[in-house]
Every structure is written in structure tokens, then in C-alpha cells.
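Here is a short walk through one protein chain, written for someone who would rather look at side chains than at tables. Have the viewer open as you read.

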Amino acid sequence: HMLLDRPKEKTDRCFSYGYDDQDKAINIHFENNDTNNKGPLSDEQLEIRKAELRSLFVEIRNTFPQAKHVRGSSWLYNIPNYRRLFPPAYTDGMGTPHNLTPTMSLWGQFFNREGGMRSDRVQEFLDKAGKAETEDELLDSFPLRERSAGCDIQEFYSFYGIA
């Protein structure tokens with residue numbers, strides 16, 4: 001079972017990926033590396049993010065032609081401006097993982113793009129978590145639940161016009 005994550009080179013690209021050889025799956029990762037103040041998911045940045053993803057999938061097609069699936073898991077799938085970057089088939093059947101994953105895919109919602117705390121979300125979480133008596137209630141304390149998406153990789157190649 002081989003997981004290959006691309007090296008974390010210094011980049012202004014917001015998307016990266018890993019490859020799971022056993023599942024023949026690409027795992028999408030997002031990190032705000034945008035250098036302007038408009039916001040990486042703003043309307044002004046839409047075409048830039050789509051161009052990044054198209055470039056990423058050209059690289060994937062050349063590097064991992066055996067890849068069959070694309071998947072991702074993040075609280076960002078709750079945000080329409082994030083979902084619009086992907087083929088509809090990718091986010092249509094989103095699920096909600098049932099675990100407290102200690103990763104930025106869940107906890108990142110508490111930070112703004114400057115790295116500061118989003119006090120409104122933190123307070124909402126603390127208020128609900130303080131009353132939670134079960135793991136399910138604790139999971140329901142998160143303002144934006146982690147969502148998982150996935151589909152066949154051909155949907156991405158078609159969506160981004162990659163022959």
C-alpha cells in the first residue's frame with residue numbers, strides 16, 4: 001500500500017495532491033498559498049484556481065496514468081465557491097465522515113487566511129461542545145462538518161478539457 005504525496009515545494013499554487021497506489025486514487029489537498037488579498041476562493045480568483053486544477057490534472061495524467069478515482073475530505077466542501085471548482089459528479093454524493101480526524105481538513109475552519117482565529121466559529125464550537133455528551137453530539141458541535149467527495153477521474157479530465 002503506497003501513498004505518494006507530492007513534495008511540498010514553496011509555491012503560490014493552492015492545490016496539491018497525493019496518490020494512493022492501492023486504490024488507484026488521487027487525494028486532493030488545499031492550502032491557502034494565494035498571495036493577494038482577494039481570497040483564494042473569491043470570484044476574482046475563480047479562473048486562477050481552475051487553471052491550477054487543470055494544470056494539476058495534466059500533471060496527474062502524465063505521472064499517474066493508472067489513476068482511476070479522485071477523492072477529498074475537508075470542511076471546505078460546505079462552501080459553494082469551493083465546490084464550483086470541481087466537476088458536479090465529484091461533490092454530488094458527498095458524505096460526512098464519522099470521526100474526529102485531528103487534521104486541518106476539519107480544524108482549519110477555525111483559522112482565517114492570515115492565520116488568526118475565527119472567534120465566532122470557535123465560540124460556536126465551544127458552546128455546543130460544552131453540552132455534548134456523546135461523540136455524535138461532539139461532531140455536531142463543528143460549525144462546518146467535514147465532507148468527503150469523490151468520483152471517477154475521467155470526470156475531472158472532461159471538466160477541465162484534458163484530452
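## Ground rules

A salt bridge here is a side-chain nitrogen of Lys or Arg within 4 Å of a carboxyl oxygen of Asp or Glu. This is a predicted model, in which local features need pLDDT of at least 70 and side-chain atom pairs count only at pLDDT 80 or more, while totals for chains, interfaces and linings use all residues. Residues are numbered from 1 along each chain as its sequence is written, and side-chain values use heavy atoms, with hydrogens and water left out.

## The chain as a whole

The protein chain has seven helices and five strands. Both are DSSP runs numbered from the N terminus: helices are H or I with at least four residues, strands are E with at least two. Reading from the N terminus, the order is β-β-β-α-β-α-α-α-α-α-β-α.

Of the 163 residues in the protein chain, 37% are buried. Buried means under 20% relative accessible area, exposed means over 50%, and partly exposed is in between (1.4 Å probe, protein chains only). For contacts with a separation of 6 or more, 66% are between residues 24 or more positions apart; a contact means heavy atoms within 4.5 Å.

Start with strand β2, where five of the six residues are buried, so the strand is largely enclosed by the rest of the structure. β2 and β3 pair in the antiparallel sense over six bridges; to count as paired, two strands need at least two bridges found by DSSP. The two strands form a hairpin with four residues between them, and Lys24 in the turn has a positive phi of about 55°.

What stands opposite Tyr19 in β3? It's Ile26, which is buried with a relative accessible area of 0%. Leaving out residues up to four places away in sequence, Ile26 touches Tyr17, Gly18, Tyr19, Ile60, Ala67, His69, Val70, Arg71 and Ile153. Ile26 and Lys68 are 42 residues apart in sequence, yet their C-alpha atoms are 8.0 Å apart in space.

## Salt bridges

Side chains of opposite charge can pair when their charged atoms come close. How many salt bridges does the rule give? The count is seven. One of them joins the side chains of Glu59 and Arg13, at 4.0 Å from N to O. Glu59 lies in helix α1 (residues 46-63) and Arg13 in the loop between β1 (3-5) and β2 (15-20), so the pair ties together parts that are 46 residues apart in sequence. Both partners are partly exposed: Glu59 at 22% relative accessibility and Arg13 at 21%.

Next, look at Asp20 and Arg71, whose side chains meet at 2.7 Å, N to O. This pair links distant parts of the chain, with Asp20 in strand β2 and Arg71 in strand β4 (residues 69-74), 51 residues apart. Asp20 is buried at 2% relative accessibility, whereas Arg71 is partly exposed at 28%. Asp43 sits in the loop between β3 (25-30) and α1, and Arg84 in the loop between α2 (80-83) and α3 (88-92), so the pair ties together parts that are 41 residues apart in sequence. Asp43 is exposed at 56%, and Arg84 is partly exposed at 26%. Shared partners also join Asp20, Asp23 and Arg71 into one salt-bridge network.

## Cysteines and a loop residue

A disulfide is a covalent bond between the sulfur atoms of two cysteines. With the cut-off set at cysteine sulfur atoms within 2.5 Å, the count is zero disulfides. Cys14 is buried with a relative accessible area of 2%, and Cys151 is buried at 12%.

Finally, click on Ala132, found in the loop between α5 (119-129) and α6 (135-139). Buried or partly exposed? Ala132 counts as partly exposed, at 24% relative accessibility. Setting aside neighbours within four places in sequence, Ala132 is in contact with Glu137, Leu138 and Ser141.
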